[in-house]
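Welcome, and please open the structure in your viewer. We will go from stop to stop, selecting a few residues each time and looking at what is there.

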Amino acid sequence: KSDSIVVRQIAGYLLFVWRYRLKVKGIENIPKTAPALLLGNHISWIDFALIQWATPRTIRFVVHEDYYNMLIFKWILIAVGAVPIRPSNSRNAMQNIVSLLNKNCVVGIFPEGHISTNGELSDLKRGFEMILSESRDDVVVVPFGINDMWGTFFSKAPKAIKKKQKFCFRRDIHINIGSPLNANATRSEVKKSISDLLI
């Protein structure tokens, strides 16, 4: 196993296994070797870690530079080769993402551009469409949906909602991975695919 996979598994065990139990459906929809762009909902601060923990391939996540520099997450993000991005200099980051896809990597993006503040899926930003337009034609888009994280400590749910959450020692988190879409997928098509994976 590569060093990054070992680090990912250790991090997942130490940080999350005591609190969360992942229930993953559709893992076979992530290609084993081909380039893929994973697009899904952003419901909590640790979405990137949950998806990476659930996935056998290393995912190069695109994260806001401020988030990337948070000490609590930075060592994990560095270990999995995350790509920091700042809106004022997004062009350079996009070129890095295109380069990764052209090298058969799996790249993960939360196309809403922010963590949900109401538990609902927001409209998607158009950045991923620009990335796909400049990438290889064989890149596949893989939608995913993270369920059951709304109202948790790591979500942006209001305190009133968090207080209403029934405590359980290990919370089941359902992650649904949808059927691949082609590189011409539009924002509306991707949003519908993600929505269909939310329960």
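How do the residues of the lining of the largest pocket divide into nonpolar, polar and charged? There are 16 nonpolar, six polar and four charged residues in that lining. Please keep in mind that this is a predicted model.

**Stop 1: the largest pocket**

Let us stay with this pocket, whose volume is about 670 Å³. Select His64, Ile85, Phe110, Gly113 and His114: of the 26 residues that line the pocket, these are the closest to its centre. Now colour strand β3 (59-64) and the helices α5 (90-102) and α6 (127-134), each of which supplies at least two residues of the lining. The largest share comes from α6, with four residues. A probe the size of a water molecule, rolled over the atoms, shows where empty space is left.

**Stop 2**

How many aromatic pairs does a search of the whole structure find? The search finds four. Zoom in on Phe61 and Phe110, which form a stacked pair because their ring centres are 5.6 Å apart and their planes lie at 10°. Phe61 belongs to strand β3 and Phe110 to the loop between β5 and α6, so this pair ties together parts that are 49 residues apart in sequence. Both Phe61 and Phe110 are buried.

**Stop 3: helix α2**

Show Asp47, Phe48, Ala49, Leu50, Ile51, Gln52 and Ala54 to see the buried ones.

**Stop 4: Pro111**

Next, select Pro111, in the loop between β5 (106-109) and α6. Is Pro111 buried or exposed? Pro111 counts as buried because its relative accessible area is 4%, under the 20% cut-off. Leaving aside neighbours within four places in sequence, display the residues in contact with Pro111: Leu39, Gly40, Leu124, Lys125, Phe128 and Ile194. Then draw a distance line from the C-alpha atom of Pro111 to that of Arg187; the two atoms are separated by 9.0 Å, although the residues are 76 apart along the chain.

**Stop 5: Phe153 and its partners**

Move on to Phe153 and Phe154. Their ring centres are 5.2 Å apart and their planes are at 80°, so this pair is edge-to-face. Phe153 counts as exposed because its relative accessibility is 68%.

**Stop 6: two positive phi angles**

Finish with two loop residues. Asn104 is in the loop between α5 and β5, and Asp148 is in the loop between β6 (140-147) and α7 (159-164). What is the phi of Asn104? The angle is positive, about 70°, although Asn104 is not a glycine. Asp148, also a residue other than glycine, has a positive phi near 80°. Asn104 counts as partly exposed because its relative accessibility is 32%, and Asp148 counts as partly exposed at 33%.

Definitions and conventions: Residues are numbered from 1 along each chain as its sequence is written. This is a predicted model: local features need pLDDT of at least 70, side-chain atom pairs count only at pLDDT 80 or more; totals for chains, interfaces and linings use all residues. Side-chain values use heavy atoms; hydrogens and water are left out. On a 1 Å grid over the protein atoms alone, a cavity is a set of points where a 1.4 Å probe fits but cannot get out, and a pocket is an open set with protein on both sides within 12 Å along at least five of seven lines; lining residues have an atom within 4 Å of a point. Grid points are joined across faces, edges and corners, and a volume is the space filled by probe spheres set on the points. Ala, Val, Leu, Ile, Met, Phe, Trp, Tyr, Cys and Pro count as nonpolar, Asp, Glu, Lys and Arg as charged, and the others, Gly among them, as polar. Buried means under 20% relative accessible area, exposed over 50%, partly exposed in between (1.4 Å probe, protein chains only). Contact means heavy atoms within 4.5 Å. Rings of Phe, Tyr and Trp (its six-membered ring) pair if their centres lie within 6.5 Å; planes under 30 degrees apart count as stacked, over 60 as edge-to-face and the rest as tilted.
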